[in-house]
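Grab a viewer and work through them one step at a time.

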Amino acid sequence: MRVAVLLYDGFTALDAVGPYEVLCRLPGVSVTMVAERAGPVRTDTGELALVATRSLASVERADVLLVPGGGERGTTATMADTAVLDWIRRVHRHSTWTTSVCTGSLILGAAGLLRGLPATTYWASRPCLADAGAVCAPGRFVEAGKIITAAGVSAGIDMGLHLAARLSNERVAQAMQLAVEYDPDPPFDTGSPEKAGPELRRLALELLADAAREAEGPRPG
(Lines give C-alpha, C1' and ligand atoms only; values in the text may rest on other atoms or scores of the structure.)
Protein backbone atom coordinates (compact mmCIF):
# COMPACT_ATOMS: atom_id res chain seq x y z
CA MET A 1 0.00 0.00 0.00
CA ARG A 2 1.74 3.15 -1.22
CA VAL A 3 1.10 6.58 0.33
CA ALA A 4 2.36 9.67 -1.53
CA VAL A 5 2.64 12.90 0.47
CA LEU A 6 2.87 16.00 -1.74
CA LEU A 7 5.40 18.60 -0.63
CA TYR A 8 5.54 22.11 -2.06
CA ASP A 9 7.32 25.31 -1.09
CA GLY A 10 5.48 26.80 1.90
CA PHE A 11 3.64 23.69 3.15
CA THR A 12 2.94 23.34 6.89
CA ALA A 13 5.18 20.76 8.56
CA LEU A 14 2.65 19.09 10.89
CA ASP A 15 0.11 18.76 8.07
CA ALA A 16 2.49 16.27 6.46
CA VAL A 17 4.34 14.87 9.47
CA GLY A 18 1.28 14.23 11.66
CA PRO A 19 -0.36 11.72 9.30
CA TYR A 20 3.09 10.39 8.34
CA GLU A 21 3.85 9.37 11.94
CA VAL A 22 0.62 7.40 12.08
CA LEU A 23 0.78 5.78 8.64
CA CYS A 24 4.47 5.01 8.16
CA ARG A 25 4.48 2.16 10.70
CA LEU A 26 1.36 0.39 9.50
CA PRO A 27 2.03 -3.17 8.31
CA GLY A 28 2.36 -3.29 4.55
CA VAL A 29 2.28 0.50 4.10
CA SER A 30 5.08 2.65 2.68
CA VAL A 31 5.01 6.46 2.77
CA THR A 32 6.94 8.56 0.25
CA MET A 33 7.45 12.32 0.15
CA VAL A 34 6.96 13.66 -3.38
CA ALA A 35 7.61 17.12 -4.86
CA GLU A 36 8.06 18.71 -8.28
CA ARG A 37 11.75 17.89 -7.92
CA ALA A 38 13.38 15.50 -5.47
CA GLY A 39 15.28 17.21 -2.66
CA PRO A 40 14.61 19.45 0.35
CA VAL A 41 11.37 21.45 0.38
CA ARG A 42 10.95 24.33 2.84
CA THR A 43 7.92 24.73 5.06
CA ASP A 44 5.89 27.89 5.58
CA THR A 45 8.24 29.17 8.31
CA GLY A 46 11.26 29.02 6.03
CA GLU A 47 13.32 27.48 8.82
CA LEU A 48 12.48 23.81 8.35
CA ALA A 49 12.66 21.53 5.32
CA LEU A 50 11.58 17.98 4.56
CA VAL A 51 13.23 15.91 1.87
CA ALA A 52 11.20 14.68 -1.07
CA THR A 53 12.71 11.39 -2.22
CA ARG A 54 10.69 11.24 -5.45
CA SER A 55 9.70 13.74 -8.11
CA LEU A 56 6.19 14.11 -9.49
CA ALA A 57 7.35 12.73 -12.82
CA SER A 58 8.52 9.50 -11.16
CA VAL A 59 5.24 8.81 -9.30
CA GLU A 60 2.33 7.98 -11.57
CA ARG A 61 0.17 6.07 -9.07
CA ALA A 62 -0.40 5.81 -5.33
CA ASP A 63 -2.97 4.01 -3.24
CA VAL A 64 -3.25 7.06 -0.98
CA LEU A 65 -2.57 10.67 -1.94
CA LEU A 66 -2.11 13.16 0.89
CA VAL A 67 -1.99 16.91 0.24
CA PRO A 68 -0.95 19.05 3.21
CA GLY A 69 -1.96 22.65 3.65
CA GLY A 70 0.38 25.59 3.94
CA GLY A 71 0.74 29.28 4.44
CA GLU A 72 -1.19 31.60 2.18
CA ARG A 73 1.76 32.03 -0.18
CA GLY A 74 2.39 28.30 -0.57
CA THR A 75 -1.25 27.31 -0.86
CA THR A 76 -2.11 30.05 -3.36
CA ALA A 77 0.92 29.31 -5.55
CA THR A 78 0.16 25.57 -5.58
CA MET A 79 -3.50 26.19 -6.42
CA ALA A 80 -2.25 27.94 -9.57
CA ASP A 81 0.45 25.39 -10.45
CA THR A 82 -0.97 23.50 -13.41
CA ALA A 83 1.76 20.83 -13.32
CA VAL A 84 0.95 19.96 -9.70
CA LEU A 85 -2.82 20.06 -10.28
CA ASP A 86 -2.49 17.79 -13.32
CA TRP A 87 -0.43 15.33 -11.23
CA ILE A 88 -3.04 15.35 -8.44
CA ARG A 89 -5.80 14.58 -10.95
CA ARG A 90 -3.78 11.73 -12.50
CA VAL A 91 -2.99 10.11 -9.16
CA HIS A 92 -6.57 10.62 -7.94
CA ARG A 93 -7.96 8.67 -10.88
CA HIS A 94 -6.41 5.46 -9.57
CA SER A 95 -6.12 6.16 -5.83
CA THR A 96 -8.04 4.28 -3.19
CA TRP A 97 -8.06 7.37 -0.98
CA THR A 98 -7.32 11.00 -1.78
CA THR A 99 -6.81 13.09 1.34
CA SER A 100 -5.87 16.55 2.54
CA VAL A 101 -5.04 18.39 5.72
CA CYS A 102 -5.86 22.03 6.47
CA THR A 103 -5.78 24.21 3.32
CA GLY A 104 -4.70 21.20 1.30
CA SER A 105 -8.42 20.82 0.60
CA LEU A 106 -8.31 24.12 -1.32
CA ILE A 107 -5.62 22.58 -3.53
CA LEU A 108 -7.84 19.55 -4.10
CA GLY A 109 -10.61 22.01 -4.91
CA ALA A 110 -8.41 23.84 -7.41
CA ALA A 111 -7.84 20.46 -9.09
CA GLY A 112 -11.61 20.12 -9.44
CA LEU A 113 -12.01 17.20 -7.04
CA LEU A 114 -14.43 18.67 -4.49
CA ARG A 115 -17.37 19.84 -6.60
CA GLY A 116 -20.60 19.09 -4.78
CA LEU A 117 -18.85 17.24 -1.97
CA PRO A 118 -18.83 17.97 1.77
CA ALA A 119 -15.35 19.00 2.91
CA THR A 120 -13.49 20.83 5.63
CA THR A 121 -10.35 22.95 5.89
CA TYR A 122 -8.59 25.38 8.21
CA TRP A 123 -11.17 27.40 10.15
CA ALA A 124 -10.22 30.77 8.65
CA SER A 125 -10.38 29.33 5.12
CA ARG A 126 -13.82 27.74 5.35
CA PRO A 127 -15.45 30.40 3.12
CA CYS A 128 -13.00 29.49 0.36
CA LEU A 129 -14.47 26.00 0.03
CA ALA A 130 -17.48 27.44 -1.75
CA ASP A 131 -15.19 28.76 -4.50
CA ALA A 132 -14.17 25.15 -5.14
CA GLY A 133 -17.82 24.09 -5.34
CA ALA A 134 -17.56 22.17 -2.07
CA VAL A 135 -20.02 22.17 0.81
CA CYS A 136 -18.38 23.21 4.07
CA ALA A 137 -19.00 20.53 6.70
CA PRO A 138 -18.12 20.47 10.41
CA GLY A 139 -15.75 17.99 11.99
CA ARG A 140 -12.08 17.20 12.51
CA PHE A 141 -12.22 15.29 9.23
CA VAL A 142 -14.89 14.67 6.60
CA GLU A 143 -15.14 11.56 4.41
CA ALA A 144 -16.93 11.87 1.08
CA GLY A 145 -16.54 8.81 -1.10
CA LYS A 146 -12.82 8.20 -1.44
CA ILE A 147 -11.90 11.77 -0.47
CA ILE A 148 -11.10 12.61 3.15
CA THR A 149 -10.41 16.21 4.14
CA ALA A 150 -9.10 17.18 7.57
CA ALA A 151 -9.46 20.49 9.37
CA GLY A 152 -6.47 22.56 10.48
CA VAL A 153 -2.96 21.21 11.16
CA SER A 154 -3.36 18.92 14.21
CA ALA A 155 -6.54 17.42 12.73
CA GLY A 156 -4.28 15.58 10.32
CA ILE A 157 -3.42 13.17 13.14
CA ASP A 158 -7.12 12.40 13.66
CA MET A 159 -7.53 11.85 9.95
CA GLY A 160 -4.40 9.69 9.90
CA LEU A 161 -5.82 7.41 12.57
CA HIS A 162 -9.14 7.16 10.72
CA LEU A 163 -7.25 6.31 7.54
CA ALA A 164 -5.14 3.76 9.42
CA ALA A 165 -8.33 1.94 10.36
CA ARG A 166 -9.40 1.98 6.70
CA LEU A 167 -6.04 0.68 5.47
CA SER A 168 -5.75 -1.94 8.18
CA ASN A 169 -8.37 -2.31 10.91
CA GLU A 170 -9.59 -0.50 14.00
CA ARG A 171 -7.47 -2.60 16.35
CA VAL A 172 -4.28 -1.68 14.53
CA ALA A 173 -5.33 1.98 14.39
CA GLN A 174 -6.00 1.95 18.13
CA ALA A 175 -2.57 0.44 18.71
CA MET A 176 -1.00 3.17 16.56
CA GLN A 177 -2.78 5.83 18.60
CA LEU A 178 -1.07 4.36 21.65
CA ALA A 179 2.23 3.96 19.79
CA VAL A 180 2.38 7.71 19.15
CA GLU A 181 0.76 8.38 22.56
CA TYR A 182 -1.90 10.57 21.02
CA ASP A 183 -4.00 11.43 24.06
CA PRO A 184 -4.68 15.18 23.76
CA ASP A 185 -5.08 17.08 27.02
CA PRO A 186 -4.30 20.69 26.08
CA PRO A 187 -3.71 23.30 28.78
CA PHE A 188 -6.25 25.64 27.15
CA ASP A 189 -9.70 25.11 25.68
CA THR A 190 -9.20 27.42 22.71
CA GLY A 191 -8.57 24.92 19.93
CA SER A 192 -11.53 25.90 17.75
CA PRO A 193 -12.71 29.33 16.60
CA GLU A 194 -16.04 28.79 18.33
CA LYS A 195 -14.34 28.20 21.68
CA ALA A 196 -11.68 30.89 21.27
CA GLY A 197 -13.84 33.90 20.45
CA PRO A 198 -13.18 36.89 18.18
CA GLU A 199 -10.22 38.41 20.06
CA LEU A 200 -8.16 35.21 19.99
CA ARG A 201 -9.17 34.56 16.38
CA ARG A 202 -7.72 37.94 15.42
CA LEU A 203 -4.54 37.31 17.42
CA ALA A 204 -4.06 33.85 15.91
CA LEU A 205 -4.28 35.22 12.37
CA GLU A 206 -1.93 38.10 13.26
CA LEU A 207 0.66 35.64 14.58
CA LEU A 208 0.44 33.57 11.41
CA ALA A 209 0.74 36.66 9.21
CA ASP A 210 3.76 37.96 11.15
CA ALA A 211 5.48 34.57 10.87
CA ALA A 212 4.79 34.50 7.13
CA ARG A 213 6.36 37.93 6.65
CA GLU A 214 9.45 36.84 8.56
CA ALA A 215 9.71 33.69 6.47
CA GLU A 216 9.74 35.74 3.28
CA GLY A 217 12.60 37.92 4.56
CA PRO A 218 16.32 37.16 4.28
CA ARG A 219 17.54 34.18 6.29
CA PRO A 220 20.58 34.59 8.57
CA GLY A 221 23.80 32.91 7.46
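**Exercise 1.** Work out how α1 and α5 are oriented to each other.

*Solution.* Start with the answer: α1 and α5 are roughly parallel to each other, because angles under 35 degrees count as such. The angle behind this is a crossing of roughly 30 degrees between helix α1 (residues 13-23) and helix α5 (residues 155-167), whose axes come within 8 Å. Axes here are lines fitted to C-alpha atoms over the stretch in contact, and angles run from 0 to 180 degrees between N-to-C directions. Helices are DSSP runs of H or I with at least four residues, strands are runs of E with at least two, and both are numbered from the N terminus.

Before going on, note that this is a predicted model: local features need pLDDT of at least 70, side-chain atom pairs count only at pLDDT 80 or more, and totals for chains, interfaces and linings use all residues. Residues are numbered from 1 along each chain as its sequence is written, and side-chain values use heavy atoms, with hydrogens and water left out.

**Exercise 2.** Find which residues make the contact between α1 and α5, and sort them by class.

*Solution.* With contact meaning heavy atoms within 4.5 Å, α1 brings Gly18, Pro19, Val22 and Leu23. From α5 come Gly156, Ile157, Gly160, Leu161, Leu163, Ala164 and Leu167. Sorting gives eight nonpolar, three polar and no charged residues. Ala, Val, Leu, Ile, Met, Phe, Trp, Tyr, Cys and Pro count as nonpolar, Asp, Glu, Lys and Arg as charged, and the others, Gly among them, as polar.

**Exercise 3.** Now describe how α5 packs with α6.

*Solution.* First the geometry: α5 and helix α6 (residues 170-179) pack at about 145 degrees, with axes 7 Å apart. Next the residues: Leu161, Ala164 and Ala165 of α5 touch Glu170, Ala173, Met176 and Gln177 of α6. By class, that contact has five nonpolar, one polar and one charged.

Note on methods:
Angles under 35 degrees count as roughly parallel, over 145 as roughly antiparallel, 65 to 115 as roughly perpendicular and the rest as oblique.
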